[in-house]
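The following exercises concern a single protein model. Please study the sequence and the structure before reading each solution.

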Amino acid sequence: MSTRLITVEGYERLKQELDYLWREKRPDTTRKVTWAASLGDRSENADYQYNKKLLREIDRRVRYLRKRIEDLKVVEHRPEQAGKVFFGAWVEVESDDGDQRRFRIVGYDEIFGRRDYISIDSPMARALLGKAVGDEAIVVTPEGEMGWLIQAIDYTGEPAVPGQGSSSYPD
């Protein structure tokens, strides 16, 4: 199971998704199911079958989000974290081979759809935690060990160039 940590921004996104699904998407889909059901034979009604399936998926996601949001611990940046890699940090690293990466260490629920976010549970994140600029982190992968030198640590925001980071880190 994944670590139950989340950034403030990630927590707000999950709450927005839950609100959207519950207040907008579900009522709209329910109206479509009701309309399609009123047309008669449901066994051959593609609108009914599609929207009924969509309604089940929405309900499943709503249940997951409600339970997950309840279990998550929101972690905010504290000034005493400056200069070290902790949860929520943007980290710039360079490998022994000269490969450079920039990413943010976040909770499991935040990594989807973001190439520049990595999970706190990943081998890369675990190797970087507590380290400072200039420190080397050794990441153990199935292919062997790889060294990464920490170039920069930032807690203030997104990379200057969108999509600059990558989640194709060694793990």
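Accessible areas come from the Shrake-Rupley method with a 1.4 Å probe. The model used here is predicted.

**Exercise 1.** Determine how much accessible surface the protein has, and what share of its residues is buried.

*Solution.* The accessible surface comes to about 10,200 Å². Of this surface, 49% belongs to carbon and sulfur atoms. A residue is buried if its relative accessible area is under 20%. Of the 171 residues, 39% count as buried.

**Exercise 2.** Describe the secondary structure and decide whether the protein is a compact globule or more spread out.

*Solution.* The protein has three helices and seven strands. Along the sequence, their pattern is β-α-α-β-β-β-β-α-β-β. The radius of gyration is 21 Å, whereas the globule rule gives 16 Å for 171 residues; the protein is therefore more spread out than a compact globule.

**Exercise 3.** Identify how strand E4 pairs with strands E3 and E5.

*Solution.* Begin with E3 (residues 90–95): it runs antiparallel to E4, and five bridges join the two strands. Within this pairing, Glu92 stands opposite Arg102. Next, E4 and E5 pair in the parallel sense over three bridges. Here Ile105 has Ile118 in E5 as its bridge partner. Finally, six of the seven residues of E4 are buried, so this strand is largely enclosed by the rest of the structure.

Note on methods
Residues numbered from 1 in each chain as written. Predicted model: local features only at pLDDT ≥ 70, side-chain atom pairs only at ≥ 80, totals over all residues. Heavy atoms only, no water. Buried < 20%, exposed > 50% of the residue type's maximum accessible area, 1.4 Å probe, protein only. Helix = DSSP H or I, 4+ residues; strand = E, 2+ residues; numbered from the N terminus. Pairing = 2+ DSSP bridges. Rg over C-alpha atoms; globule rule 2.2 N^0.38 Å.
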